[in-house]
Amino acid sequence: MERKKVDIGVVIPLEAELLEFLEIFEPRENFSTEEGFLQVVTPPGSALTIAVVQQSDMGRLEAMRATRLMLSRFDVNLLVCLGIAGRLSKDLELGSVCYSGVIFDISDNARVGDRGDAVALDISPTYYQTPSSITTVIGYVRTQTALKEQYSEWREQQRRVAAEIISQSFEEGEAPPLRPLSPSTHVGTIVCGAVSRSSNYNALLRSGDRRVLAIETESGGVFGEVENADIPVLTIRGISDNADAAKGELEATTRGCVRRIAARNAASFLRLQLDNPWFVSAVRQLGSAQQSLSLTGTSVPAEPLISKLAAEIEAQLRQLAPELRAQPKGYQLPIPRARERKRPRPFVADKPSTPVEVRELVCAHRLLLINVPRNYPDRCLAWTIAQDLLTAEIGERQVLPIVVDGKQIAPPSSGLSKVSGRDLFAVEQMGGHVGVVIVDEAPVGSRTRLRHLLKEIEGLQDTRFVLLARGDGEAALNAESASALKFVAYNLEDVSFYELALFLQRNFNLPSGEADVVALRLRDTFERFQLSAHPTYFAGIPSQLLSVLIDANRRAELIQLAVDGALSFVVATDTSDVALSRTTRARYLRQLAREIIIHGKTFRHIDLVEFTSSFFEKYDYDVDPISYIQSFIEHGILTFSSDTVAFALPYIQTYLLALELIASPSDAVAYFRSSVDYFDYATLDLYSELGPSEKVVEAITQEVESAVALLNAPSGPSRATYLAAPSSAGNLTRLTALQRRLEQAAKDIDENKDDRRHKQQLLDLNDAVKAATAQKAKETFESSNGGQDPEIANLSSCFRTWAKQTILLGSGAEHLPAELKRRLAQSTVQLGTLIIDKWVEIQKRVDFAAIKSQLISAIDSKSAESGDGQQKAEDIEQRKALVGNLVDTIEYMLLGAPLASILSTLCEQARGAVLVKSLDNVAFDDSFDELVLASWLADISPRRGRRRLIDALISSSAGEFMRQVLAAQYLSRAYWRHGNRDSKMIMLEAADVALRQTANPLDKGRMKRILEAAVASVPSE
């Protein structure tokens, strides 16, 4: 049967929604069969033809069937899934209309399980996208001057319709529980999945995408049905409820009014688009190569400027980042943040500002300067920002992101319009748009070119500008006194944890909890190896590989991807007659790293030219050494500091040095000897993963044996200083707070609560504290003339040795034979507990009780001198209590740090599943050693190690303080480092067991029932 051609096919779920649709679109031709309702409903005078099909019932499966019925009879350019939805965003009101930029489909990839009396859900969504050429022109009704009046009239008309529907539903004299509203319209992400009354479920859905608007049950079926047929799909939904427990009550009290209003608004919004010439043109182009369409006497470009920009941005990204070519069209990269650059003020210690998303900064500032580090490896930054801005609106105006190559800016005639290929003054005159010009490589190093650029910027008053400057762009602007322009300066930061987790969840189909853990571990890797978490780095990682590498602790493979990416870009931009390969360039840099780092040589420019020439002569390369060296400098890999060459990107130096040490075991033994001043843990990490030599393993093992002898602590359970509780152990306030945190954690995991934004806030706060602490420590060290206590120096040396073996075991586990691996695991635990014991012993020399007594006495003395009398007695007691709690907190932190530090390092640095069998075959008579080993094992494999950890906790003679520290450690691991719900619950169970034998054990109430039910549901290995 030949199919009839129509422009739009509309899929509607239920009869009630169809009836409201037919109030707007009158049927013209009936194609209904016993399979379902199917009609053509093209309005009179419309340039587009429309057919509508009704599903036989709600849901994704019925949406797929209805779509198949539609496509069996009609050849369509665009499918529209139209109906009602529950809101997930506070930006929407009842009756508002939302339409899809993205569909977040969790129907097929949700994993459901029991959680006691509740239901557990873990989502791994599929993403679908409506073409930007459609979503952009739909928004023109809000942003284009020619259409704004019609849009306002539509909103007012729908308010009157809502008032009429309400009046029909309520008798005269009754007070309706709602008032008619003019509908607003929004573009963003719509979830397709089971609708729930749970607020925590809704929060979990919002965690999957920062632009989530609403939830419904059909769109994924329509998108999925035509995914391979290259038919674009658009979802339009009216908001009929709040997707909460009050949904049924809202239906009853409003007598179904909101559903009718929402369905009518969605249908009428589609009808409004038929008078939008840009929408009509875009839909017609989906099915033809037509270049323009004349409508109502107006010539409308078939392809709006925003679509041209989108295509240009996509093409540039794929050209500049070859890794993107393997990704599907529309692949969204993560965006870095930026931190405000504060000018230093004398005698004022300003707190570091919180990093902000670049998109927010563009919306907030007309003139924005972002300083990019000179060695920032990603040359796609400007285009990545532009891609993100394609869907942005500023004050109901569509953003037009235009990237300009700053290197081409030069007086007198090479200005912004010429370089961009667009008349920026004409763009300013386009109603409903705001141009955002992103000047890549802004010419801050040339006063003449910078002045020319600033003059042009001054002439474009309604255009926003983002200058990306490598180096000190702010200083250059300040020095340019001829300009009165006020740029707000920011420094580029890495991609945030939140953005990373969102990106991983979206592009790698990871459940939200697992995405959080992978993102955090990636963040740790970037920090350790000083690797900027730039956007295109991720494009080169196959979708199934990233979480595997992270879970298996294979950091070398992740770093190799970054090194290969940086060197590939150097090769791609090499225009010389003899373009040397990435492998050859890596070999050259390896040899350079060996000479600089291992042999301690320094290379001035002339020395480096000589070294490079010798390298070329060895292989008979006809290449200019100066140009060759310059290529590495231009791409930020090498730099000259004080006329001496150095690696500008530490992760490249670390990786290549590790390769050189693999090739030279004797050099490796010498390089990895302990040093008082410095030890290169990062290189040891990669070296161990790549395959350590027997000589290095033996050398580190001997160091561990010497460290054990050095500490020379007596054996037996009594040596654990934690068995004797410190004076602050009985602090009931802190213990109660810990118990509440544990109970709340169990509840949050039980309800699958989303806390990704809260985690980002905590990480930002932690970064600020670390920065301030590091600066204070540096100042203290520089001002101190005293030497270090020998006992503390010995302990530091032992800790360094322990850390080396932990890295060797964790990263090199796959290369080590069974017996050696077990021996290393055993000695690692033994030395670790000795370090804990000695560390606590040193910390306990501080007489906290005396400090507390002294401070409280000072309060009493000050009060007596002031003569305030009895009226201040209550305040004095409060101050004394506060001082006492503060001293207790400091004591708790100092004495708890050794155990927490050793366990955290073990569990994070040596956590590969390949270690589980070895750890399982290590046994200890010492209960403290056994407890540390069991904690380590259970953290790697909670199901495998659960029973051993519980037994170790029950049999341990650990005191109350040690149990508090352990409970806090397990709680922290559950919150930050375990994404799987069962693993989280096992860690919380361990915390519960740790606290049961304290003076104030946990209640055996709801949390215990949750934990018991959770553990019972965990399958055994």
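This is a chat about a predicted protein model, its overall make-up and a few of its parts.

User: What kind of model is this, and how are residues numbered?
Analyst: The model is predicted, so local features need pLDDT of at least 70 and side-chain atom pairs count only at pLDDT 80 or more, while totals for chains, interfaces and linings use all residues. Residues are numbered from 1 along each chain as its sequence is written, and side-chain values use heavy atoms, with hydrogens and water left out.

User: How many helices and strands are there?
Analyst: The protein has 40 helices and 23 strands. Helices (H or I, at least four residues) and strands (E, at least two) are DSSP runs, numbered from the N terminus.

User: And how much of the protein is buried?
Analyst: Of the 1021 residues, 54% are buried. Buried means under 20% relative accessible area, exposed means over 50%, and partly exposed is in between (1.4 Å probe, protein chains only).

User: Start of the chain now. Is strand 1 enclosed or left open, and why?
Analyst: Strand 1 covers residues 4–12, and seven of its nine residues are buried, so it is largely enclosed by the rest of the structure.

User: Which strands does it pair with?
Analyst: Strand 1 pairs with strand 5 (residues 74–87) in the parallel sense, over seven bridges. Strand 1 also runs parallel to strand 4 (residues 50–54), joined by five bridges. Two strands pair if DSSP finds at least two bridges between them.

User: How do strands 17 and 21 run?
Analyst: Strand 17 (residues 367–372) and strand 21 (residues 488–495) run parallel, joined by four bridges. L368 stands opposite V488 in strand 21.

User: Where is S414?
Analyst: S414 sits in the loop between strand 18 (398–405) and helix 14 (416–420).

User: Buried or exposed?
Analyst: S414 counts as buried because its relative accessibility is 18%.

User: What does S414 touch?
Analyst: Leaving aside neighbours within four places in sequence, S414 is in contact (heavy atoms within 4.5 Å) with Q408, I409, V419 and H452. A polar atom of the S414 side chain also lies 2.6 Å from the backbone oxygen of Q408.

User: What about S420?
Analyst: S420 is in helix 14, and at 10% relative accessibility it counts as buried. A polar atom of the S420 side chain lies 2.8 Å from the backbone oxygen of L416. Not counting residues up to four places away in sequence, S420 touches I402 and V404.

User: How far apart are S420 and V439?
Analyst: They are 19 residues apart in sequence and 9.7 Å apart in space, C-alpha to C-alpha.

User: Now helix 28. What span should it have?
Analyst: Helix 28 (residues 694–711) has 18 residues and should span 26 Å at 1.5 Å a residue; its end C-alpha atoms are 26 Å apart, which agrees. The expected span is 1.5 Å times one less than the number of residues.

User: Where do its buried residues fall?
Analyst: The buried residues of helix 28 fall within an arc of 155° seen down the axis, so they line one face of the helix. The arc is that of the directions from the helix axis to the C-beta atoms. Among the buried residues are V696, I700 and L711.

User: Why can residues a few places apart point the same way?
Analyst: An α-helix has 3.6 residues a turn, so residues three or four places apart do so.

User: What covers that buried side, and what is on the face turned away?
Analyst: The cover includes helix 26 (665–671), helix 27 (681–690), helix 31 (790–812) and helix 32 (818–843). The face turned away carries the exposed residues E694, K695 and A709.

Terms used. A polar contact is a pair of N or O atoms within 3.5 Å; within protein, one must be able to donate a hydrogen and the other to accept it, and residues adjacent in sequence count only if both atoms are side-chain atoms.
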